[in-house]
Amino acid sequence: MKNFVFCFLIIVVSRELHAQRDGFAESRGVKIYYRTFGKGTPIVIINGGPGLNSDGFVDLAKTLSAHNQTIIYDQRGTGKSAMQKTDASTITMQLMVDDMENLRKELRIERWIILGHSFGGMLASYYATIHPDKIISMILSSSGGVDLELLSYVAKNINARLTPQQLDSANYWSQKITGGDTSYFARLERARALSNAYVYDKKYAPLVAERLTHSNLRVNALVWQDMQKINFNCAQKLSAFTRPVLIIQGKQDIIEERTSQKANRILQNSKLVILDHCVHYGWLDNRDAYLSEVEKFISGKD
């Protein structure tokens, strides 16, 4: 069976809600678009992908903003964080960390809680190795891990969660897109097939599929390329990180438990939570349990 480009994606139920505030933060030649909600202890939410905007996080940001200030932002090259040149010199992990720092400074935040989901958890981990003093605590939600171990198994796990028909469809439309067909129809058909691998409850698959249509595959490829170039591995530096960390993921996740267990062993002050009947999106498959764990951790009642 052929493999296809895979993305770690974040999806929440969208609502017609207005951001409390939005704007742009200047960062290394790119205007990084952000939205904030609520007041209180700041929580920056890093979406996955890579190559997706932050639109799918409005509901989660609103939910967590009841007692906190939540911040979502479009990573460079996605959404409203547009770039004139998108190549290996403008899409790097270091630049993405710089974007976070410039956003923090723009919002005049001294320290913040970081919630990184999927690839966002990998970016959060990398940020923590460079700016640990700027972090109050960290949530690694279905994180891709502290190194590149997931590349050895994740495509296989995605394939295994698709029916033969879904896998054939995903491969067919991935090849069409690679060949130059960037129509919405092609992206949607690919997404409809792939989305079934990411959720336990298939009623959420259409939500995931719609988000997948927004994936910027060039940005996605450039990020993974850079991570392999720098031999992404946060283990050594994270072993000295002492802030509280919640590691949470689904028992049936495409990310295997060994990846979260490794992070749990390395981090000095971490807690690991595995949610049953849950694949890659805790707030969809097991919303009450996911939000309960996250909100307890944020409030310090854990």
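These legends describe close-up views of a predicted model.

**View 1. The largest cavity.**
Rolling a probe the size of a water molecule over the atoms shows where empty space is left. The count of cavities of 30 Å³ or more comes to two. The largest cavity holds about 60 Å³ of space. Its lining is made up of Leu-140, Ser-142, Ser-143, Gly-145, Val-146, Ile-247, Ile-248, Gln-249, Thr-259, Ser-260 and Ala-263. Strand S7 (245-250) and helix H10 (257-266) are the elements that give two or more residues to this lining. By type, the lining residues of the largest cavity are five nonpolar, six polar and no charged.

**View 2. The second largest cavity.**
About 40 Å³ of space lies in the second largest cavity. Among the residues that line this cavity are His-117, Ser-141, Ser-142, Ile-248, Gln-249 and Gly-250. The lining also includes Leu-275, Cys-278, Tyr-281, Gly-282 and Tyr-290. Strand S7 provides the largest share of the lining, three residues. Five of the lining residues of the second largest cavity are nonpolar, six are polar and none is charged.

**View 3. The largest pocket.**
The largest pocket has about 150 Å³ of space. Ile-43, Thr-63, Leu-64, Ala-66, His-67, Asn-68, Glu-295, Ile-298 and Ser-299 form its lining. With three residues, H12 gives the most to the lining. The lining of the largest pocket divides into four nonpolar residues, four polar and one charged.

**View 4. Helix H3.**
Helix H3 covers residues 119-130, which is 12 residues. From its first C-alpha to its last, H3 reaches 17 Å, close to the 16 Å expected at 1.5 Å a residue. Helix H3 is mostly covered, with 11 of its 12 residues buried. The buried residues of H3 include Phe-119, Gly-120, Gly-121, Met-122, Leu-123 and Ala-124. Ser-125, Tyr-126, Tyr-127, Ala-128 and Thr-129 are also among the buried residues of this helix.

**View 5. The salt bridge between Arg-35 and Asp-55.**
Side chains of opposite charge can pair when their charged atoms come close. A search of the whole structure finds 13 salt bridges. In one of them, the side chains of Arg-35 and Asp-55 meet at 2.9 Å, N to O. Arg-35 is in strand S2 (residues 30-37), while Asp-55 is in the loop between strand S3 (41-46) and H1, and the two are 20 residues apart. Arg-35 has a relative accessible area of 11% and counts as buried because the cut-off for buried is under 20%. Asp-55, at 39% relative accessibility, is partly exposed.

**View 6. The salt bridge between Asp-59 and Arg-287.**
The closest N and O atoms of Asp-59 and Arg-287 are 3.0 Å apart. Asp-59 is buried, with 1% relative accessible area, whereas Arg-287 is partly exposed at 25% relative accessibility.

**View 7. A network of salt bridges.**
The residues linked in this network are Asp-147, Glu-149, Glu-256, Arg-258 and Lys-262. The side chains of Glu-256 and Arg-258 meet in a salt bridge of 2.6 Å, N to O. Glu-256 is partly exposed, with a relative accessible area of 22%. Arg-258 is partly exposed too, with a relative accessible area of 37%.

Note on methods. Residues are numbered from 1 along each chain as its sequence is written. This is a predicted model: local features need pLDDT of at least 70, side-chain atom pairs count only at pLDDT 80 or more; totals for chains, interfaces and linings use all residues. Side-chain values use heavy atoms; hydrogens and water are left out. On a 1 Å grid over the protein atoms alone, a cavity is a set of points where a 1.4 Å probe fits but cannot get out, and a pocket is an open set with protein on both sides within 12 Å along at least five of seven lines; lining residues have an atom within 4 Å of a point. Grid points are joined across faces, edges and corners, and a volume is the space filled by probe spheres set on the points. Helices (H or I, at least four residues) and strands (E, at least two) are DSSP runs, numbered from the N terminus. Ala, Val, Leu, Ile, Met, Phe, Trp, Tyr, Cys and Pro count as nonpolar, Asp, Glu, Lys and Arg as charged, and the others, Gly among them, as polar. The expected span of a helix is 1.5 Å times one less than its number of residues. Buried means under 20% relative accessible area, exposed over 50%, partly exposed in between (1.4 Å probe, protein chains only). A salt bridge is a side-chain nitrogen of Lys or Arg within 4 Å of a carboxyl oxygen of Asp or Glu.
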